[in-house]
2 protein chains.
Amino acid sequence: MVTMQQVADKAKVSISTVSFVVNNTKPVTPETRERVLQVIEELGYRRNRMARALASRKSHILALIYPMLDHRNHHAFIESAATAAEEHGYNLVLWPLHSDNVSTEITSLIEAGFADGVLLMEVQLDDERVAHLQQAAAPFALIGRTRELSGIDYVDIDFERTVATVIEDFAKLGHRDITLVLEDLGGTPLAGYAPPVRTEEAFRDAIAERGLNGAVIRISHDPDAVAGVADTLLVQAPATTAIVSQHDAASLALLSALPRRGIDVPRDMSIATIATATSLAALTQPPLTTYVGPGHELGRAAAEALIARLEGRNGPATQVLVACRCHPGASVAPPRATPDAR
Amino acid sequence: MVTMQQVADKAKVSISTVSFVVNNTKPVTPETRERVLQVIEELGYRRNRMARALASRKSHILALIYPMLDHRNHHAFIESAATAAEEHGYNLVLWPLHSDNVSTEITSLIEAGFADGVLLMEVQLDDERVAHLQQAAAPFALIGRTRELSGIDYVDIDFERTVATVIEDFAKLGHRDITLVLEDLGGTPLAGYAPPVRTEEAFRDAIAERGLNGAVIRISHDPDAVAGVADTLLVQAPATTAIVSQHDAASLALLSALPRRGIDVPRDMSIATIATATSLAALTQPPLTTYVGPGHELGRAAAEALIARLEGRNGPATQVLVACRCHPGASVAPPRATPDAR
DNA sequence: TTGTATGCGTTATCAA
DNA sequence: TTGATAACGCATACAA
């Protein structure tokens, strides 16, 4: 490993001068700068990140506290967070957090001087991890939102706007009987997971505002429950002509079960899904109309919010909401026979 | 931040003694050890990772060089690699690699003292990244395999055994006309991606060995190509009674298109998929019979192989192949009318 | 068994 | 504009 000292010697300057040119931290005459750069090039010098971290008390590492769950798609988020971090000279470490030692693990990360800040995913409405971070005065940003948000940097999906848009799109087509299908997370570690809660609230608001008829169906991840979603729908909300689903398995089950009951999608029943992976939508027949989750935008925004905080930009908290974008498929159409459709 | 020196002072020992108990690196009398541990507890001391890394010349960080691709599911692998690393006192950093600066980026990682070793995913048959790593004498392990493997630590899916098992399972049911559906990656950045190549070879071998009739269909990711997979199949291999698919989109397309042509799955056509995400299999109707990729095992094995290398266990290279495990669904059955089925 | 002292490769402070 | 030099927090060879 080539050290700064070696560069300094060969360039016949002091080690500090090398540091100045490497970090652009003090003015250096063009000639010496050039000479130093040349030697750096020749020797293939790269500054040692650990030494740098030790001396500057900044690791330039962001930890992504990251849930050990299988069933969601975090790819986009993680990928973009890592890329954004790298662009700003930071690095993203995956920090698998095991539920038993949350309290210590999470702060030791910072206290041990390993990471400068923390990115937290899959935030619950009341999340003890957030409490720990605040208490430890650790810089952090959330992907998702807790209930209490004052002064907290976060980025999240704008469920309100997303659902409102879906309902609006449905309403424009003439739908008046709309059902929301949600994951039922009761009894799972994700029981306090916010998205279904916010979606349901937004759904009720949007329905009420337009004077439509809305129903909500909660389906667990039990295979039988998923397989029975069409029956559940037809029993609990028989008038439904359009479905908003935030439950991927249920969406697919509907797509295959409805036609068997003589209900064609989209002719007799429209289906739109929220915050699904793009990959899934393209695979179905008909292709699902999807309101795609803004994983990439959120990953980048979260990393940048955290970095801004770390670099001392002490503005107001970054609080970003991004709505899902409609990715049209072929699972949505006007209702078959609506007397009051325009 | 509490330092070792502070602990030493309060415990009235020297800083080295503290180091000895913290690292278990030299014998210490039970009493002083106890005293030191007590002070550590009181003060909430944690050793600083950066200082430790600098002094010991070991960062205890593994970099996961990781492809910026959307369409595969790496969750299981990344998750398990991160967990395994953590269990051994290492950490996993995501290192987004952009194709332009592969050569330098990859070695600077090690030379800059940032990571101790590298984990490489999505390995091509001839992968320049591997060449760079070897040349830089950087410790690494592959998930996947290059063509040349001597002395290289790697873990990979055992395509040979997996395909052989699928064919065997099909043959036992009486199928004699089997078609392999693959991704056509020609023209994409993944053109040299090994799995399809190995799968095809294994397929031809297995078919030949049993004297069966085999066909191979390559489908690109173009939506039209995917949508037309059923037609392609019926034209190119009309006798087919069983399909092995390593193309998720095509699998789903088949599942929905075949019934429309009066071909019931699994009564008239069996479908099994290879190395698919478990999550997908459960969502289809009928549920897909899947030979599930061993992502978790591979992630762990790769991390542990690399760590073993780093810690100086200079044995022969770790070369692990794990076959996919059959996850039965309801998309496989005996062929409808085979005169020679027993 | 414990302590002293040096070095790891930078950054940063202070002089020159 | 440059150069000494003292941290940074810990590991470790060597001494006691």
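# Exercises: chains A and B and DNA strand D

Across the interface of chain A and chain B, the rule finds 2 salt bridges, a salt bridge being a side-chain nitrogen of Lys or Arg within 4 Å of a carboxyl oxygen of Asp or Glu. The model is predicted: local features need pLDDT of at least 70, side-chain atom pairs count only at pLDDT 80 or more, and totals for chains, interfaces and linings use all residues. Residues are numbered from 1 along each chain as its sequence is written, chains are lettered from A in the order in which they are written, and side-chain values use heavy atoms, with hydrogens and water left out.

**Exercise 1.** Describe the interface of chain A and chain B, from its area to its residues.

*Solution.* 
1. The size of an interface is often given as the accessible area lost when the parts come together. Here about 4300 Å² is buried between chain A and chain B, 61% of it on carbon and sulfur atoms; buried area is the accessible area (1.4 Å probe) that two parts lose on being put together, summed over both.
2. Chain A gives 48 residues to the contact and chain B gives 49 residues, where contact means heavy atoms within 4.5 Å.
3. In one salt bridge, the side chains of Arg46(B) and Glu111(A) meet at 3.3 Å, N to O.

**Exercise 2.** Which strands pair across the two chains?

*Solution.* 
1. β2(A) is joined by 3 bridges to β2 of chain B (residues 91-96), and the two run antiparallel. Two strands pair if DSSP finds at least two bridges between them; strands (E, at least two residues) and helices (H or I, at least four residues) are DSSP runs, numbered from the N terminus.
2. Opposite Val93(A) stands Val93(B) in β2(B).

**Exercise 3.** Work out how the protein surrounds DNA strand D.

*Solution.* 
1. There are 28 residues around DNA strand D, and the closest are Ser14(A), Thr17(A), Thr29(A), Met4(B) and Tyr45(B); a residue is near a strand if one of its heavy atoms lies within 4 Å of it.
2. Sugar or phosphate accounts for 70% of the atoms of DNA strand D within 4 Å of the protein, and bases for the rest.
3. For a base, a nitrogen of DNA strand D is 3.0 Å from an N or O atom in the side chain of Ser16(A).
4. By element, α2(B) supplies the largest share of the surface near DNA strand D, 4 residues.

Conventions
A polar contact is a pair of N or O atoms within 3.5 Å; within protein, one must be able to donate a hydrogen and the other to accept it, and residues adjacent in sequence count only if both atoms are side-chain atoms.
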